[in-house]
Amino acid sequence: MTIDYAGEVLQGSPRAVARVISWLENENERARPCMGRLYPHTGRAYVVGITGSPGTGKSTLTDKLTRYIRAKGLTVGIIAVDPSSPFTGGAVLGDRIRMSEIAQDPGVFIRSMATRGFLGGLSQSTGKVVNVLDASGKDVIIIETVGVGQDEVEIMRIADTTCLVLAPGLGDAIQSMKAGVMEIADIYVINKSDRQGADQLFVEVSHRVNQDDLIRAKSRDRSWIPLVVQAAAVNDVGVTDILDAVLSHQSHLKKDGTFVEKRRERTQQQTLQMIHYEIFSLLRKHLSESGKMEQLVDAIMNHEQDPYSIVQQVLSEWIRVPEG
Amino acid sequence: MADKKIKIIVAKPGLDGHDRGAKLLSRIFAEAGMEVVYTGLRQTPEMIVEAALQEDADVVGLSSLSGVHNHFFPKVMELLKEKKLDDVLVVGGGIIPEEDIPGLKDVGISEIFGPGTPTPTIVDYITKNVRS
């Protein structure tokens, strides 16, 4: 008996959702027709990103936030992303530990995902997994991911509201005030506020937010000034303040049309990324399977050809821009 | 299609307080290229099976050091069957007396790995017996 996976997802079946997510992760061909049927049912869920250095308490925060969201009668999908080893391709996915109780709530679905070599802090299929959870009826989708340094900013392209979680004593406070991760936050959470240095961190981040407001170029969106919220999630302190901040951001977005703009931007990004990935995968497959790749690398190593002209050669062989 | 990774849940049902072994095995599985969801201490069978379902796990590894295996391991198998997760490979480890092993295998645990089992043996077993 064949299972109608798309139909089951639309009815909210966790088993079907879990299976379709696996198809997406493994680039199984069965995903495409399924996603085609699911996509019209997306767009309803609100996406919250929770990012920050390891050890800042993101998982605990996600767990507590989920409880409050559930208390409002909304359902929650959680995607917890952890990095894959670049050497072995394996991963220890340890975010679920902090959420095992809430996972039993039928209104909550938690999936751990490994980045599998994708850069930017998320996995290649995270955006599509959001679509599946959305189509299955989840009202809020929380994506929890490691965000450090300047490049792990993919979360901001997918989330409606991005929260950056900081904690005192991890040594990263001042250093992390560089471009990239510090710039993407709609809300800054100073977690572990019961620890020494929390107040100082709060003051520093608040100061920076005010400074940002003064120096930010006119061309950048300056209508939302990020909120800075203190919390000690493990003690259930400040979590409702964070939720209020998210709601505040949500109503701001909806009020001045930014919400639709961001969604449009997200759709464009996601589509371009998918096109990029497909074209590149196709090209790479053909070049390596035909042995052509080896020949080209040999030619470069022997200084018979340079990479630049080789690229042009490959493009002219493989890519034809249609006219009109 | 991308390479499929083996997704394994490493779980400690019951009230064990020590998880160094389970954590070590989690790392070893990851080193072997698997994606390991380590669920931590004090898991109920319900939590373990819910994790297996949502994570679409290929394998569930159960660890028990305090003699609760005869109670908890069959309970996990029962719930897996109830949720129709019939093709999930279930293996167990920890402190499990020889005489209990046949009973556990009878309820569907594929293999039990006692202390001192060379870890490559465990990895090999899983790789060979996991669903395709």
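Predicted model: local features only at pLDDT ≥ 70, side-chain atom pairs only at ≥ 80, totals over all residues.
Residues are numbered from 1 along each chain as its sequence is written, and chains are lettered from A and ligands numbered from 1 in the order in which they are written.

Staying with β7(A), the bridge partner of A:Cys163 in this strand is A:Ile187. On strand β8 (residues 227-230) of chain A, β7(A) has another parallel partner, with 4 bridges between them, and there A:Val189 stands opposite A:Val229. Which way do the residues of β7(A) point? A:Ile187 and A:Val189 point one way, A:Tyr188 and A:Ile190 the other way, and all are buried, where buried means that 20 or more other C-beta atoms, placed from the backbone, lie within 10 Å of a residue's own, with exposed meaning 12 or fewer and partly exposed anything in between. In a regular strand the side chains alternate between the two faces of the sheet.

A:Val189 also brings us to the largest nonpolar core, which has 111 residues and in which A:Val20, A:Val189 and B:Val36 touch the most other members; such a core is a set of buried Ala, Val, Leu, Ile, Met, Phe, Trp, Tyr and Cys residues joined through C-beta atoms within 7 Å. Helix α2 (residues 14-25) of chain A gives the most to this core, namely 7 residues.

Now to where the chains meet. The contact takes 28 residues from chain A and 26 residues from chain B, two residues being in contact if their C-beta atoms, placed from the backbone, lie within 7 Å. On the side of chain B that touches chain A, the elements giving two or more residues are α1 (20-31), β2 (35-38) and α2 (45-54) of chain B, and α2(B) has the largest share, with 6 residues. That side divides into 12 nonpolar, 6 polar and 8 charged residues, counting Ala, Val, Leu, Ile, Met, Phe, Trp, Tyr, Cys and Pro as nonpolar, Asp, Glu, Lys and Arg as charged, and the others, Gly among them, as polar.

Strand pairing also crosses between the chains, since strand β3 (residues 91-93) of chain A runs parallel to β2(B) and is joined to it by 3 bridges, with B:Glu35 as the bridge partner of A:Ala91. Not counting residues up to four places away in sequence, B:Val36 touches residues that include A:Ala91, A:Val92 and A:Leu93 as well as B:Ile8 and B:Phe29.

Finally, chain B as a whole has 5 helices and 5 strands, which from the N terminus on run β-α-β-α-β-α-β-α-β-α. Of its 132 residues, 46% count as buried.

Terms used
Pairing = 2+ DSSP bridges.
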